[in-house]
Amino acid sequence: MTLFIDGDAFPNLLKPIVLRSIERLALPTKVIANKKINIGRSSHIEYIIVDQGADEADHRIVDLCQKDDLVITADIPLSDRIISKEGHAIDHRGELYSIENIKQYLAMRNLMESIRESGEMTGGPKAFGPKDAHAFANQFNAFLAKNYPKL
């Protein structure tokens, strides 16, 4: 299994959580972004910078991702593409996307986008905080314990 991190909007609070697991498990990791992102120093992390442009990082992640790989991203359309490749996706707040729930999340995202495009003012997500980081850590560690053979 390879861990992919969609680095363009990766919260700083999650960096030490993920780095500890990468080091503890010698987990092959690719951080993909449009600019230099630093999760931490590790021989298990490869940093890949893609060209500027909408969805360039997403396209690279999809190209590289294989069955059973894990992607950390807040991007629901990217998560849908990963699930269709039989990969796994978890968001920054600890939601594990699956074949059972991704279409519901995608439909809600598309509905909210349509409402915003019609001129309706909608609030964005609440600020990311320690409670969100804790929920992510719990879900990420549970996923690794269940799916990563080195545990």
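Is aspartate 132 buried or exposed, and what is its relative accessible area? In this predicted model, aspartate 132 is buried, with a relative accessible area of 8%, where buried denotes under 20% relative accessible area, exposed over 50%, and partly exposed the range in between (1.4 Å probe, protein chains only). Residues are numbered from 1 along each chain as its sequence is written, and local features were considered at pLDDT of at least 70, side-chain atom pairs only at pLDDT 80 or more, while totals for chains, interfaces and linings use all residues. Side-chain values rest on heavy atoms, hydrogens and water being left out.

The structure holds 5 salt bridges, a salt bridge being a side-chain nitrogen of Lys or Arg within 4 Å of a carboxyl oxygen of Asp or Glu. Among them, arginine 93 and aspartate 132 meet through their side chains at 3.0 Å, N to O. This pair links distant parts of the chain, 39 residues apart, with arginine 93 in the loop between β5 (88-90) and β6 (96-97) and aspartate 132 in helix α5 (residues 130-147); helices (H or I, at least four residues) and strands (E, at least two) are DSSP runs numbered from the N terminus. Arginine 93 is partly exposed at 28% relative accessibility, whereas lysine 126 is exposed at 55%.

Another salt bridge joins glutamate 46 to lysine 30, with the closest N and O atoms 2.7 Å apart. Glutamate 46 lies in strand β3 (residues 45-49) and lysine 30 in strand β2 (residues 29-33), 16 residues apart.
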